[in-house]
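Please keep the sequence and the structure in view while reading.

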Amino acid sequence: MPLFICILFVPLLIALFAALKASGWKKVLAWGVFALLALPLLVGGAGGWLLSLRGLAWRSGVKLPVGFAYVAGVLALLVWAGAALWRDTGWWRPAARSVGRCAILLVGGFLILAAGWYCLLFAAIWAGGDMVTEYNGQTAVAEQTWMDWDYYAYHGPLVRGEEALGYSSRVPAPKEPN
């Protein structure tokens, strides 16, 4: 399995470990973060694989919330780690505690902003944008790629065909509802 795919499972394992170790209201929070990370991997990964067996793929209306839920889980883990570091500075000397907490705020804030920005960007790129249109006389889903539009067979509001019917560099006209 390529390394970049394995990286997706690291936050999930961290959240699972935290959920198993936590107690009280932290346990509920930890299982919530775990769900934010696990459900997107199940829907996007396992669900996408099951759909591909039937020649289908998720449309952007499914991929975008799945990607954003995963981003929310990663950001929640970062905030949780920052809060744990904040608490651990309590036994330091007052001067070191102030410097340490300022460093946690600056570095943590930067990490959250950077990770949030890049994760949201990659989730939006992965999801893409699509619209229902007509291509060669049949109802199709036009999905925007980097600079082109790919056309796939329309199979419903949540799924589309997996194999591209064709490509175009022109913006398609949306199909008129009946």
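## Ala 76 and helix H4

Ala 76 has a relative accessible area of 24% and is therefore partly exposed, since that class lies between the buried limit of 20% and the exposed limit of 50%. The residue belongs to helix H4, which covers residues 60-88. Between the C-alpha atoms of Ala 76 and Val 43 the distance is 20 Å, and the two residues are 33 apart in sequence.

The length of H4 can be checked by a simple calculation. Buried residues of H4 include Val 66, Gly 67, Tyr 70, Val 71, Gly 73, Val 74 and Leu 77. In an α-helix there are 3.6 residues a turn, so residues three or four places apart point the same way.

## Confidence in the model

The structure is a predicted model. The mean pLDDT of the protein is 86, and 97% of the residues score at least 70. Among the elements, helix H1 (residues 3-7) has the lowest mean pLDDT, 73, while E1 has the highest, 93. Where pLDDT is low, the predicted coordinates should not be read in detail.

## Pairing of the strands

Strand E2 (residues 129-135) pairs with strand E3 (residues 138-144) in the antiparallel sense, over seven bridges. Tyr 135 has Gln 138 in E3 as its bridge partner. Two residues lie between the strands of this hairpin, and Asn 136 takes a positive phi near 50° there.

E3 also pairs with strand E4 (residues 149-154), again in the antiparallel sense, over five bridges. Here Ala 142 has Tyr 151 in E4 as its bridge partner, and four residues lie between the two strands of the hairpin. E4 in turn runs antiparallel to E5, to which five bridges join it. Tyr 151 stands opposite Gly 166 in E5. The hairpin of E4 and E5 has four residues between its strands, and Gly 156 in the turn has a positive phi of about 140°.

Strand E1 (residues 56-58) pairs with strand E5 (residues 159-168) in the antiparallel sense over three bridges. In this pairing, Trp 58 stands opposite Val 159.

## Salt bridges

How many salt bridges does the count give? The count comes to two. In one of them, the side chains of Asp 130 and Arg 59 meet at 3.1 Å, N to O. Asp 130 lies in strand E2 and Arg 59 in the loop between E1 and H4, so this pair ties together parts that are 71 residues apart in sequence. Arg 59 counts as buried because its relative accessibility is 8%, under the limit of 20%.

Glu 143 forms a salt bridge with Arg 160, and their closest N and O atoms are 3.1 Å apart. This pair links distant parts of the chain, with Glu 143 in strand E3 and Arg 160 in strand E5, 17 residues apart. Both Glu 143 and Arg 160 are buried.

## A nonpolar patch on the surface

Which residues form a nonpolar patch on the surface? The patch consists of Trp 117, Tyr 118, Leu 121, Phe 122 and Ile 125, which together have about 590 Å² of accessible area. Leu 121 lies in helix H5 (residues 94-127). Because its relative accessibility is 33%, Leu 121 counts as partly exposed.

Notes. Residues are numbered from 1 along each chain as its sequence is written. This is a predicted model: local features need pLDDT of at least 70, side-chain atom pairs count only at pLDDT 80 or more; totals for chains, interfaces and linings use all residues. Side-chain values use heavy atoms; hydrogens and water are left out. Buried means under 20% relative accessible area, exposed over 50%, partly exposed in between (1.4 Å probe, protein chains only). Two strands pair if DSSP finds at least two bridges between them. Patches are made of residues with over 30% relative accessible area and no salt bridge: like charges are joined within 9 Å, nonpolar side chains (Val, Leu, Ile, Met, Phe, Trp, Tyr) within 5 Å. Accessible areas come from the Shrake-Rupley method with a 1.4 Å probe; for residues, only the protein chains shown count as cover. A salt bridge is a side-chain nitrogen of Lys or Arg within 4 Å of a carboxyl oxygen of Asp or Glu. pLDDT is the predictor's confidence in each residue, from 0 to 100.
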